[in-house]
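The stops below are meant to be selected in order.

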Amino acid sequence: MLNKVVLIGRLTKDPELRYTPTGVAVTNFTLAIDRNFKNAQGERDTDFIPCVVYRQLAEFTANYLAKGKMAAVDGRIQVRSYSAQDGQKRWVTEVIGENVHLLSPKDSGGQDMAAQTGNRSFGHEVNLDDDIPF
């Protein structure tokens, strides 16, 4: 079985960093992603995808992402439910991010860094002015 998603979009607002009662960092943010086709009015619709990252990646994301910045997220889709205060059962679908790549160029205030959780390497700078060897 496979549950893998890759998204590229812009943040709709600044990420929200909080901590669980046991001290685990959790950051929530939403990516706005334009669809590849136009609707009947000739406009592109936009999907708003909620994303969640944990631990060191959550702290990194909260520090380096901001509203309007472009980012790539890869991870998995999670569907969960909870009981609301009114007693109704609510469903939530979100992307649990495993890697976050900041794609906004430096001149727009972004950071050219990649964050990866697997090897605890939180990125390297990329100078877009350098010659590309390929």
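The model is predicted, so local features need pLDDT of at least 70 and side-chain atom pairs count only at pLDDT 80 or more, while totals for chains, interfaces and linings use all residues. Residues are numbered from 1 along each chain as its sequence is written, and side-chain values use heavy atoms, with hydrogens and water left out.

Select strand S1, residues 5–11. Strands (E, at least two residues) and helices (H or I, at least four) are DSSP runs numbered from the N terminus; two strands pair if DSSP finds at least two bridges between them. S1 runs antiparallel to S5, with six bridges joining them; Gly 9 stands opposite Ala 71 in S5. S1 is also joined to strand S3 (residues 25–38) by two bridges, again antiparallel. Here Leu 11 has Leu 31 in S3 as its bridge partner.

Next, select Phe 60 and Tyr 64. A search of the whole structure finds one aromatic pair. Phe 60 and Tyr 64 form this pair, which is tilted, at 4.6 Å centre to centre and 40° between the planes. (Rings of Phe, Tyr and Trp, the last by its six-membered ring, pair if their centres lie within 6.5 Å; planes under 30 degrees apart count as stacked, over 60 as edge-to-face and the rest as tilted.) Both residues lie in helix H1 (residues 55–64), four residues apart, so about one helical turn separates them. Phe 60 is buried at 8% relative accessibility, whereas Tyr 64 is partly exposed at 32%; buried means under 20% relative accessible area, exposed over 50%, and partly exposed in between (1.4 Å probe, protein chains only).

Finally, select Val 79 in strand S5 (residues 70–83).
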